[in-house]
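Please look at the following structure with me.

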Amino acid sequence: MGKAGRDWGQIYSIYGVDDWQTPIFLLIYAIFFSILSVIFLVYFEPICYFFHHFLPGPSSARFAAGFTGSVTALSAVCLFYAAGNIFYSSVSLHWEMAQRMVNAVGDWSSVKYALDLGCGRGILLNAVALQLKKSGSSGRVVGLHPTPTCSLSTLRTAGIEGVQEYVTCRSGDPRKLPFSDNYFDVVASAAFVHTVGKEFGQKTAVAAAERMRVLGEVVRVLKPGGVGVVWDLVHAPEYVKRLQELKMEDIRVSERVTAFMVNSHVIVFNKPSQHFVGPNEVRLDWRLNNLC
């Protein structure tokens, strides 16, 4: 059973798996290596005899056959684990993390507008909408995704969850959000920011600059006093550093969670209210126009 009494089978039937090719690909290879390891076990002596044609002495041949069989079996185990972890992370873990992210926001009844950046099929989007509905809020949540075709499947899942009146979907560039400054009470994003700039290579300076641009946009559209919640893979330390540079308040980082075979964290922060110095108001510019 999942959070809030949800059955995992029900969740998978609603949301499906975005990148189903990857776990299927890994599963096929895992089965292939499993069959090879069984062959090594059942036909160990004939295989040793085969290796003896290329290696001096029977002991060397047996060692080579045993070592190859062991590596094959270990590879099968690793591939099964990878396929299972990616399949689990795509929906079940995503749903669990969405509940954690929703719970990180104290009061949903006062939320008028929320944004799910990189909404995908709508797991986090609908979790936010369900929370708005549960709290009796008249607020709305906007799901934004770079792919225009994503909106139809997302709205379909919102209809199944019974929250379509709380949900709006649109496409847009996460590096230049089509919203005005200080618009949203809550901005959330689940396993998305790390995908921005990946065409430049995940470890390149250009990709890092693109991720920082997205983070700057998140801060820009967030209202003073609003809450940002980002669950993402690998890059949590650089996000925290940038949020500190942008003078965000109450930055909290969750414990490590393994997702898609790598480390992930939830980062929660508050955007401070604008300050006044004497008679002049100091307005902070959250944009990252200097990044390229």
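Me: On what basis are the values given?
Reply: This is a predicted model, in which local features need pLDDT of at least 70, side-chain atom pairs count only at pLDDT 80 or more, and totals for chains, interfaces and linings use all residues. Residues are numbered from 1 along each chain as its sequence is written, and side-chain values use heavy atoms, with hydrogens and water left out.

Me: How many disulfides does a search of the whole structure find?
Reply: A disulfide is a pair of cysteine sulfur atoms within 2.5 Å. By that criterion, the search of the whole structure returns a count of 0.

Me: Which cysteine sulfur is nearest to that of C169, and how far away is it?
Reply: C169 takes part in no disulfide. The nearest cysteine sulfur belongs to C119, at 4.8 Å.

Me: Is C169 buried or exposed?
Reply: Relative accessible area decides this: buried means under 20%, exposed over 50%, and partly exposed in between, with a 1.4 Å probe and protein chains only. C169 has 17% relative accessibility, so the class is buried.

Me: How many aromatic pairs does the structure hold?
Reply: Rings of Phe, Tyr and Trp (its six-membered ring) pair if their centres lie within 6.5 Å; planes under 30 degrees apart count as stacked, over 60 as edge-to-face and the rest as tilted. Under this rule the number of aromatic pairs is 11.

Me: What is the arrangement of the rings of F25 and Y29?
Reply: F25 and Y29 are 4 residues apart in helix α2 (residues 21-42), which separates them by about one helical turn; helices (H or I, at least four residues) and strands (E, at least two) are DSSP runs, numbered from the N terminus. Their ring centres are 4.7 Å apart. Because the planes meet at 50°, the pair is tilted.

Me: What is the arrangement of the rings of F50 and F51?
Reply: The centres of the F50 and F51 rings are 6.1 Å apart. Their planes stand at 80°, so the arrangement is edge-to-face.

Me: Which residues do ring pairs link into a cluster?
Reply: Here the aromatic pairs join into a group. The cluster consists of Y113, F179, Y183 and F184.

Me: Over the ring of which residue does the charged end of R140 sit?
Reply: A charge sits over a ring if NZ of Lys or CZ of Arg is within 6 Å of the ring centre and within 35 degrees of the ring normal. The charged end of R140 is 5.3 Å from the centre of the ring in question, that of Y166.

Me: How many salt bridges does the count come to?
Reply: Side chains of opposite charge can pair when their charged atoms come close. A salt bridge is a side-chain nitrogen of Lys or Arg within 4 Å of a carboxyl oxygen of Asp or Glu. The count by this rule is 12.

Me: With which residue does E255 form a salt bridge?
Reply: E255 lies in the loop between β6 (249-253) and β7 (257-259), and the pair links distant parts of the chain, 155 residues apart, with the partner in helix α4. The closest N and O atoms are 2.8 Å apart, and the partner is R100.

Me: Which parts does the pair of K223 and D185 tie together?
Reply: The closest N and O atoms of the K223 and D185 salt bridge are 3.3 Å apart. K223 is partly exposed at 24% relative accessible area, whereas D185 is buried at 17%. The two residues are 38 residues apart in sequence, so the pair ties together strand β5 (residues 222-233) and strand β4 (residues 184-190).

Me: In which helix do E245 and R242 both lie?
Reply: E245 and R242 form a salt bridge whose closest N and O atoms are 2.6 Å apart. They are 3 residues apart, about one turn, in helix α8 (residues 236-245).

Me: Which residues do salt bridges that share partners join into one network?
Reply: Shared partners connect several salt bridges. The network comprises D173, R175, E199, E210 and R213.

Me: With which residues is A82 in contact, leaving aside its neighbours within four places in sequence?
Reply: A82 is in helix α4 (residues 58-103) and is buried, at 11% relative accessible area. Contact means heavy atoms within 4.5 Å. With those neighbours left aside, the contacts of A82 are L26 and M261.

Me: What separates the C-alpha atoms of G16 and V91?
Reply: G16 is in the loop between α1 (8-15) and α2, and, neighbours within four places in sequence aside, its contacts are I11 and V91. G16 and V91 are 75 residues apart along the chain, yet the separation of their C-alpha atoms is 7.4 Å.
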